[in-house]
Amino acid sequence: MALEAISGVNKLPFMKRFDELQKEWDLHQIQIATSNFTNPYALMAPPFENPAENLPKILEHCKVRMECDHGTTTLGFKYQGGIVLCADSRATSGEYIGSQTMKKIVELNSYMLGTLAGGAADCVYWDRVLARECRLHELRFKRRITVDAAARMMCNISTQYKGMGLVMGMMLAGCDDEGCKLIYVDSDGMRSHGSVFSVGSGSPYALGVLDTGYRWDLTTDEAFDLARRAIYHATSKDAYSGGIVRLYHINEKGWKNICNTDCNELHDQFCKESIKNGSNSNLPCTSRTWVEQKLQQDEVQAQVAAVTTEIS
């Protein structure tokens with residue numbers, strides 16, 4: 001054995017014990033599975049082609065039910081005072097509500113924010129990678145990364161993993177030397193500049209409110225109220241949206257978290273406003289005010305029915 005060690009023969013594969021070979025194989029598999037620890041852009045792909053198309057077939061063949069449905073509501077718009085971002089906080093998987101406190105607006109640096117919509121794991125992971133790259137850019141070049149560069153980076157990532165089941169739709173908002181910018185990037189590799197965006201299952205309802213109340217010369221208070229009202233209406237009609245409504249404002253000085261308001265509080269606030277405006281007949285059935293009115297109406301109807309019974 002000493003001669004084998006001196007000559008190096010014991011290092012040859014056929015001279016190793018089975019447990020040593022098994023240990024080396026296990027370590028190799030772990031290195032492959034955790035390759036993103038050293039290179040965050042290198043993720044372990046599924047062991048079959050076209051995961052987005054073939055995974056449902058494999059699950060159906062194995063009789064495994066996997067709920068991949070998801071929902072959210074995020075919005076962003078530019079106005080004369082900067083950019084407003086607003087989002088709910090509900091995370092769902094099919095009919096199951098996984099969390100009511102999901103943070104869907106991510107602080108990438110002091111002047112740029114990103115929103116999450118789609119698969120929670122995909123969005124959170126790549127937003128962390130983007131925040132890392134933004135910080136490394138500042139350290140290397142002694143200046144902040146531009147919003148266009150960050151959006152182009154996410155677009156390249158989406159294109160690289162296109163067709164592999166990546167589900168992501170995000171907005172990047174921030175201010176740089178060229179002014180305030182709002183950019184939409186999705187998992188198909190699309191990158192689009194715009195003034196008004198809404199992403200998620202509740203976006204049609206939010207866009208309905210934004211189309212009605214949006215204009216460029218909004219005051220700051222009007223912009224905040226419009227964003228909260230749009231998310232509130234989306235949460236009241238979309239079962240996959242809800243929780244806490246988070247509101248952010250971005251301008252040349254950086255971003256600021258304006259408020260984090262529960263949907264129930266917004267519900268009561270907007271219902272009271274509708275009562276003052278004389279439109280209380282259209283209150284949603286989940287409103288506390290509606291419940292109180294309904295109880296009063298039922299009590300009156302019960303008294304009328306009792307009187308009618310006595311007369312007859």
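Visitor: What makes β5-β6-β7-β8-β9 a sheet, and is the pairing parallel or antiparallel?

Guide: The five strands form an open sheet in that order, with antiparallel pairing. A strand is a DSSP run of E with at least two residues, numbered from the N terminus, and two strands pair if DSSP finds at least two bridges between them. This is a predicted model, where local features need pLDDT of at least 70, side-chain atom pairs count only at pLDDT 80 or more, and totals for chains, interfaces and linings use all residues. Residues are numbered from 1 along each chain as its sequence is written, and side-chain values use heavy atoms, without hydrogens and water.

Visitor: How do you know that β7 and strand β8 pair?

Guide: Eight bridges join β7 to β8 (residues 179-186), so the pair meets the rule of at least two. In one of them, glycine 169 has aspartate 186 of β8 as its partner.

Visitor: Why do β5 and β9 stand at the edges?

Guide: β5 (105-109) and β9 (191-193) each have a single partner strand, so one side of each has no neighbour in the sheet.

Visitor: How do the lining residues divide into nonpolar, polar and charged?

Guide: Five are nonpolar, two polar and two charged. Arg and Asp count as charged, Tyr as nonpolar and Gly as polar.

Technical notes:
Helices (H or I, at least four residues) and strands (E, at least two) are DSSP runs, numbered from the N terminus.
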